[in-house]
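Subject: Structure handover

Hello,

Please find the structure we discussed below.

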Amino acid sequence: MARNPIQFQAGLSLPAFLEQYGTEEQCQAALFQHRWPEGFVCPDCGNTTGCRLSRGLYQCHRCHHQTSLTAGTIFHATHLPLTTWFLAMYLLTQRKNGISALQLSRELGVSYNTAWKLKHKVLQVMMERNQGETLSGRIEIDDAYLGGERPGKRGRGAEHKFPFVAAVQTDDEGHPQRIQLRRVSGFTHDEIQRYAQLAIAPGSQVFSDGLGCFRAFASPVYTHERIITGSGRASVQIPAFLWVNTVLGNVKNAITGTYHAIRGQHAPRYLAEFEYRFNRRYDLKAMIPRFLTVAARTPPMPYRFLKIAEPYA
């Protein structure tokens, strides 16, 4: 049996990564290239001429505004060397199941709190990049939850459960192309309709189970096929939902194995991490450059914002 070329691609090895980004100068040069690909641009007046001062700042020739390479980006006001940031980005993009903040702190040689903030800033970049993307064509969709292991009410109304929508776009041969894992406030008609308007392209063919909220796709905008699945093991073996069930199984296994548990207010970032890696799995070597381009355009995210609840979807 032939090996899957995507699954068995070489990826970016650690020695190759260190050869490209092993020094502070290499990391600075890479960030400069992705922040200002055409050369320095003053963030204050837009002028394209400036100079680099001895203390590392860049000064505009027109308005004399001074800025650092990291100012106004996700790296803003960091006290960590860029080599630490780049290694964190490498570990978070190249590992299939992710890495916990505790393990990240050990591998980077930083405190747990520092590793947590660094990890969530990287996940913030992934989440913001995912937001503008839509699925189209044939789409399998399902409802799912994270958490809910604590004692108390069971079922869909259980406390400590965090609802999210899982959707998988497949090609004509039934192979998965891209996914979406989006936190929602609940499985109501209005909430799924809001999600659909943001994330599912008009004209798509949507396959869902019989949950009432998915009637939001029963409109002239979409082709909707509801399949009553029932319950039990047979309900997850229906061919029409092969890939969405596979993705959900992988996500939940990874969360259980890597993180054990996550807080609900941070669920959108963790889901974004899996979505980001899956949708860019076709070229693992390009993930660091592609991530850098987005990171250089992602506004600062102070700790006080990192720790509060995230918006849904």
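Predicted model: local features only at pLDDT ≥ 70, side-chain atom pairs only at ≥ 80, totals over all residues.

Residues are numbered from 1 along each chain as its sequence is written, and side-chain values use heavy atoms, with hydrogens and water left out.

Aromatic contacts

The structure holds 14 aromatic pairs (rings of Phe, Tyr and Trp, the last by its six-membered ring, with centres within 6.5 Å; planes under 30 degrees apart are stacked, over 60 edge-to-face, the rest tilted). One of them is Tyr21 with Phe86, a tilted pair at 5.3 Å centre to centre and 45° between the planes. Tyr21 belongs to helix 1 (residues 14-21) and Phe86 to helix 3 (residues 82-94), so this pair ties together parts that are 65 residues apart in sequence. Helices (H or I, at least four residues) and strands (E, at least two) are DSSP runs, numbered from the N terminus. Tyr21 counts as buried at 8% relative accessibility, and Phe86 is buried at 0% (buried is under 20% relative accessible area, exposed over 50%, partly exposed in between; 1.4 Å probe, protein chains only).

Phe75 and Trp85 make an edge-to-face pair, 4.9 Å centre to centre with 75° between the planes. Phe75 is in the loop between strand 3 (66-67) and helix 3, and Trp85 is in helix 3, so the pair ties together parts 10 residues apart in sequence. Both Phe75 and Trp85 are buried. Phe17, Tyr21, Phe86 and Tyr90 form one aromatic cluster.

Charges also sit over rings (NZ of Lys or CZ of Arg within 6 Å of the ring centre and within 35 degrees of the ring normal). Lys161 lies over the face of Tyr145 at 5.3 Å from the ring centre, and the charged end of Arg280 is over the ring of Tyr276, 4.0 Å from its centre.

Sheet

Three strands form an open sheet in the order 1-2-3, with antiparallel pairing (two strands pair if DSSP finds at least two bridges between them). Three bridges join strand 1 to strand 2 (residues 58-60), and Cys51 has Gln59 in strand 2 as its bridge partner.

Helix pair

Helix 7 (residues 242-259) and helix 8 (residues 267-279) pack at about 115°, with axes 12 Å apart (axes are lines fitted to C-alpha atoms over the stretch in contact; angles run from 0 to 180 degrees between N-to-C directions).

Regards
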